[in-house]
Amino acid sequence: LSIGFNRLVPEDPEIAIETVLREPLVVALPELHPLAARPRIELADLDGLPMILYPNIAMRGLAQEVADAFRAEHIALHVAQDVEDVVTAVALVSSGFGLTITTQSATRLRLPGVVFRPLLSAHLRDVELSCLYRRSDSSPVLAAFLQVVHEFARDPLSISGLGAI
């Protein structure tokens, strides 16, 4: 593996980690939920509501960030379900099992009965997408790919078709 993309990546001396973009966080909720009528949702509005958290993995991820924010803002976190990925989380929202906090790019998932609203929180604002590669890799293919990544990081709309990620 020469290159990868991930979020909330821990530091590693052998791996270069470059932020490609930062995405705002949103709340996915059933379209008939009372909060769906609001233009934006504050974290306090989620107090005690059934939440679907992801990813359910050993490494630190968005689920831990969400739990930390609830704790820091003294809000009761009721975890209805832990799942491994965003598609499952939004599918469970579509089925009425709860709400989830996710990245703005997840709004492209067009599942029936789900709406997305911007999240207002003192502790959860946005999350980075990082490009990772081995520092020692001198491959010309990697160098060429990184040029594209750097161009996108400077101006996401500059690369045709990628601006909507």
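**Salt bridges in the predicted model**

**View 1. A salt-bridge network joins Arg 22, Asp 126 and Glu 128**. In this predicted model, the three residues Arg 22, Asp 126 and Glu 128 are linked to one another through a network of salt bridges.

**View 2. Asp 68 and Arg 71 form a salt bridge**. The closest N and O atoms of this pair lie 2.6 Å apart. Both residues belong to helix 1, which spans residues 62-72. Because Asp 68 and Arg 71 are 3 residues apart in that helix, about one helical turn separates them. Asp 68 is partly exposed, with a relative accessible area of 30%, whereas Arg 71 is exposed, its relative accessible area being 55%. Arg 71 is assigned to the exposed class because its value of 55% is over the 50% cut-off.

**View 3. The side chains of Arg 38 and Asp 45 meet in a salt bridge**. The distance from N to O in this contact is 2.9 Å. Arg 38 has a relative accessibility of 38% and therefore counts as partly exposed. Asp 45 also counts as partly exposed, at 24% relative accessibility.

**View 4. Arg 134 is paired with Asp 137 in a salt bridge**. Arg 134 is partly exposed, with a relative accessible area of 37%.

Definitions and conventions:
Residues are numbered from 1 along each chain as its sequence is written. This is a predicted model: local features need pLDDT of at least 70, side-chain atom pairs count only at pLDDT 80 or more; totals for chains, interfaces and linings use all residues. Side-chain values use heavy atoms; hydrogens and water are left out. A salt bridge is a side-chain nitrogen of Lys or Arg within 4 Å of a carboxyl oxygen of Asp or Glu. Buried means under 20% relative accessible area, exposed over 50%, partly exposed in between (1.4 Å probe, protein chains only). Helices (H or I, at least four residues) and strands (E, at least two) are DSSP runs, numbered from the N terminus.
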